[in-house]
Amino acid sequence: MELVTLALMFAAIGVRVLTSQMISRMKHQITHVAHIKQESLKRLKVAQSQHAVFGQNKAMLTAKKMKTTKRLNRLRKEISSFVEENEARKQRAEARKVER
């Protein structure tokens, strides 16, 4: 009977050692996964901030493009009016030459 009790005590101690080792491994795995999670969240935050900066840059460049396009159109109209004025001057000069 004493041997059975002694065997059960050693078995209980063995089970306790095994469970503490398993718990230790689980804690290590949990900390490893938590570290990976934190790293992933940090990368996500960096990617989101880069995306926001790219969006702002795109909006700014789009606004500049629209402004430049409007200015270009205005300058083209101005040039065409100058060309028309020049043509009108030439025609008037030709008309004067013919009259003389």
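These are my notebook entries on one predicted protein model.

**Ground rules.** I number residues from 1 along each chain as its sequence is written, and side-chain values use heavy atoms, with hydrogens and water left out. As the model is predicted, local features need pLDDT of at least 70 and side-chain atom pairs count only at pLDDT 80 or more, while totals for chains, interfaces and linings use all residues.

**Overall build.** I looked up secondary structure first. The C-alpha trace spans about 145 × 15 × 10 Å along its principal axes. Helix 1 covers residues 2-99.

**Burial.** How much of the chain is made up of buried residues? I get 0% of the 100 residues, with buried meaning under 20% relative accessible area, exposed over 50%, and partly exposed in between (1.4 Å probe, protein chains only). The chain exposes about 10,100 Å², and carbon and sulfur atoms supply 64% of that. Those areas come from the Shrake-Rupley method with a 1.4 Å probe; for residues, only the protein chains shown count as cover.

**Charges.** I have 22 positive and 8 negative side chains here, with the centres of the two sets 11 Å apart. Lys and Arg count as positive, Asp and Glu as negative, and His and the chain ends are not counted. Each charge is placed at NZ of Lys, CZ of Arg, CG of Asp or CD of Glu.

**Salt bridges.** I find two, taking a salt bridge as a side-chain nitrogen of Lys or Arg within 4 Å of a carboxyl oxygen of Asp or Glu.
- Arginine 43 meets glutamate 39 at 3.3 Å, N to O. Both sit in helix 1, four residues apart, about one turn of the helix. Arginine 43 is exposed at 59%, whereas glutamate 39 is partly exposed at 31%.
- Glutamate 85 meets arginine 89 at 3.8 Å, N to O. Again both are in helix 1, four residues apart. Glutamate 85 is partly exposed at 40%, and arginine 89 is partly exposed at 47%.

**Patches.** I used residues with over 30% relative accessible area and no salt bridge, joining like charges within 9 Å and nonpolar side chains (Val, Leu, Ile, Met, Phe, Trp, Tyr) within 5 Å.
- Leu3, Leu6, Met9, Phe10, Ile13 and Val17 make a nonpolar surface patch of about 630 Å². Methionine 9, in helix 1, is partly exposed at 49%.
- Lys64, Lys67, Arg71 and Arg74 gather in a positive surface patch. Arginine 74 is in helix 1 and partly exposed at 48%.

Notes: Helix = DSSP H or I, 4+ residues; strand = E, 2+ residues; numbered from the N terminus.
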